[in-house]
Amino acid sequence: MSVVLGIDPGLASTGFGVLETNGNRVRRITDGVIRTPAGTDYGERLVMLYDGLREIVERHRPGEGAIEELYFSKNVRTAFPVAQARGVIILLLAQCKVPFEEYSPGAVKQAVAGHSRAQKEQVIRSVTMVLGLYDEPVNDHSADALAVALCHVQHAPVRAALARAAATR
């Protein structure tokens, strides 16, 4: 049995999703969003993100983490706050000794919806269906975080094969 924490990073809203795997079975433990209010001191927002995520890590004790990679299309200015939030998240995971992998948005969408250009609604429906949920995730940020965790779970056999191959060298 393993617990996986998926994270959709952001400064205003960071989505999180916690899954439990047992063999081929995967179930949602929880999902949600850590919000930091606009207008609050920038440093304080990063502290709020750190504290909120630390509480989740301490409560659920994940053995692995998965983070969505930074993506921006046109506005570079919006990428900076997300990059700084990612830095705080990576620091926290390292301090808590939670090994993690990073996945591109396209890889996450491919893993859960079957194609890398899936829209938000498709990701939400796919996550709901794959996890057999009665209710949809809290919002699109938590759905994205669950999708990141599912992507990580689906890549586990490849990671294991690569580790075995590296060990035999």
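Guide: The model is predicted: local features need pLDDT of at least 70, side-chain atom pairs count only at pLDDT 80 or more, and totals for chains, interfaces and linings use all residues. Residues are numbered from 1 along each chain as its sequence is written, while side-chain values use heavy atoms, with hydrogens and water left out.

Visitor: In what order do the strands of the open sheet stand?

Guide: Strands (E, at least two residues) and helices (H or I, at least four) are DSSP runs numbered from the N terminus. Two strands pair if DSSP finds at least two bridges between them. The open sheet has five strands with mixed pairing, in the order β3-β2-β1-β4-β5.

Visitor: Which are the edge strands of this sheet?

Guide: Axes are lines fitted to C-alpha atoms, for helices over the stretch in contact, and angles run from 0 to 180 degrees between N-to-C directions. Neighbouring strands of the sheet are turned by 20 degrees against each other on average, direction ignored. An edge strand pairs on one side only, and this applies to β3 (residues 25–35) and β5.

Visitor: How many bridges join β1 to β4?

Guide: In this pairing, Leu5 has Gly65 of β4 as its bridge partner. Gly65 also has a partner in β5, namely Phe100, where β4 and β5 pair in the parallel sense over four bridges. β1 and β4 likewise run parallel, and the bridges joining them number four.

Visitor: Is Ala66 buried or exposed?

Guide: Ala66 lies in strand β4, which is largely enclosed by the rest of the structure, because four of its five residues are buried. Contact means heavy atoms within 4.5 Å; not counting residues up to four places away in sequence, Ala66 touches Leu5, Gly6, Ile7, Phe100, Glu101, Tyr103, Val148 and His152. The C-alpha atoms of Ala66 and Leu5 are separated by 6.2 Å, although the two residues are 61 apart along the chain. At 0% relative accessibility, Ala66 counts as buried.

Visitor: At what angle does the direction of α2 stand to that of β4?

Guide: On the sheet, α1 lies across β1, β2 and β3, at about 155 degrees to β3. α2 also packs on the sheet, where it touches β1, β2, β4 and β5. The direction of α2 makes with that of β4 an angle of about 170 degrees.

Visitor: How far does helix α2 reach from its first C-alpha to its last?

Guide: The expected span of a helix is 1.5 Å times one less than its number of residues. Helix α2 (residues 76–95) has 20 residues, for which 28 Å is expected. Its buried residues are Ala79, Ala85, Arg86, Val88, Ile89, Leu92 and Leu93.

Visitor: How far apart in space are Leu19 and Leu131, C-alpha to C-alpha?

Guide: Leu19 belongs to strand β2, and its relative accessibility of 0% is why it counts as buried. Beyond its neighbours within four places in sequence, its contacts include Val3, Val26, Leu131, Leu146 and Val153. Leu19 and Leu131 are 112 residues apart in sequence, and their C-alpha separation is 9.4 Å.

Visitor: Which residue with positive phi follows α4?

Guide: In helix α4 (residues 120–130), the buried residues are Val123, Ile124, Ser126, Val127 and Thr128. α2 is followed by Lys97, whose phi is positive, near 60 degrees. After α4, the residue with positive phi, near 60 degrees, is Gly132.

Notes: Buried < 20%, exposed > 50% of the residue type's maximum accessible area, 1.4 Å probe, protein only.
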